Amino acid sequence: METFYLLCAVVGGTVLVCQFLITLLGLGADADSADDISVDADHADGPHDHGHGSNWIFNVITFRTVIAAITFFGTSGMACLAAGLTLPQTLAISIVTGVAAMFAVFWLMQSMHRFNYDGTMRIDNAIGRHGTVYLSIPARQQGSGKVQINLQDQLVELTAVTFAGEALKPGMQVVVVSIIGSNTVEVAPLVESAEVAEV
């Protein structure tokens, strides 16, 4: 049984590393087509459509998720045997670990594909958004700093300038008033912008 666990760990681990390297080098677009089909189908059905619930489990079972399951099945089995657990205990823990790894990889791939599906960040959507100064922003556009803004459901860091008469210190709340460049925005202190709106 130990040989079987070792074989699963070695073979699965090798394929998993190769997949990672291929993806890292940008050569895995075709290999991901099966995953893309299931993700696109989810978007076509809509987030609240549960009519295809019976097919959901088949979307989970892809080449990537099965390889992850085999890898963690083997490694956890070897770890359990090394710890002196009985064969039934080892088998149960290995199966649970493998299934958990399969669902974890499925969730990760879904998250990555949904991010790609939503498209690249549109900086135009930052106008009117509130944010927090991350690196000091010099006064009167004498230089630039950094702000953190929640944009398209993710926290992003943008280069920022301001026309304010005083430098904006880290931790200050600001609002984006205009777009300066592809990654640069103009911000104003949140208190100041609220006073202007009242006037």
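S178 faces E186, a residue of β5. The model is predicted. A second pair is I179 and V185, with V185 again in β5. Strand β4 covers residues 173–179 and strand β5 covers residues 184–189. The two strands are antiparallel and share five bridges. Four residues make the hairpin that links β4 to β5.

## The barrel

Which order do the strands follow around the closed barrel? The order is β1-β2-β3-β5-β4, five strands in all, and the pairing is mixed. From one strand to the next, the twist averages 55°. Strands in a sheet are held in pairs by backbone hydrogen bonds, and the pairing can be parallel or antiparallel.

β4 also pairs with β1, which spans residues 130–135. This pairing is antiparallel and has three bridges.

## The chain as a whole

The protein chain contains six helices and five strands. Read from the N terminus, the order of elements is α-α-α-α-α-β-β-β-β-β-α. The chain has 199 residues, and 30% of them are buried.

Take the contacts between residues at least 6 apart in sequence: 61% of these join residues at least 24 apart. The accessible surface of the chain is about 12,300 Å². Carbon and sulfur atoms account for 64% of that surface.

Helix α5 runs over residues 87–118, and Q110 is part of it. Is Q110 buried or exposed? Its relative accessibility is 6%, so Q110 counts as buried, because the cut-off for buried is under 20%. V60 is 50 residues away from Q110 along the chain, yet their C-alpha atoms are 9.7 Å apart.

S94 also sits in α5. Its relative accessible area is 0%, so S94 is buried too. What does S94 touch, neighbours within four places in sequence aside? The contacts are Y5, F73, S76 and G77.

## The nonpolar surface patch

Six residues make up a nonpolar patch on the surface: M1, F4, L87, L91, I95 and V99. Together they have about 530 Å² of accessible area. Helix α5 is the biggest contributor, giving four residues to the patch.

I95 is a patch member that lies in α5. Its relative accessibility is 43%, so I95 counts as partly exposed. That value falls between the 20% limit for buried and the 50% limit for exposed. I95 and G74 are 21 residues apart along the chain, with 9.3 Å between their C-alpha atoms.

M1 is another patch member. M1 belongs to the segment that precedes α1, a helix of residues 2–24. With a relative accessibility of 48%, M1 is partly exposed.

## α5 in brief

S94 is buried at 0%, and Q110 is buried at 6%. I95, in contrast, is partly exposed at 43%.

Note on methods. Residues are numbered from 1 along each chain as its sequence is written. This is a predicted model: local features need pLDDT of at least 70, side-chain atom pairs count only at pLDDT 80 or more; totals for chains, interfaces and linings use all residues. Side-chain values use heavy atoms; hydrogens and water are left out. Buried means under 20% relative accessible area, exposed over 50%, partly exposed in between (1.4 Å probe, protein chains only). Contact means heavy atoms within 4.5 Å. Patches are made of residues with over 30% relative accessible area and no salt bridge: like charges are joined within 9 Å, nonpolar side chains (Val, Leu, Ile, Met, Phe, Trp, Tyr) within 5 Å. Accessible areas come from the Shrake-Rupley method with a 1.4 Å probe; for residues, only the protein chains shown count as cover. A salt bridge is a side-chain nitrogen of Lys or Arg within 4 Å of a carboxyl oxygen of Asp or Glu. Two strands pair if DSSP finds at least two bridges between them. Axes are lines fitted to C-alpha atoms, for helices over the stretch in contact, and angles run from 0 to 180 degrees between N-to-C directions.
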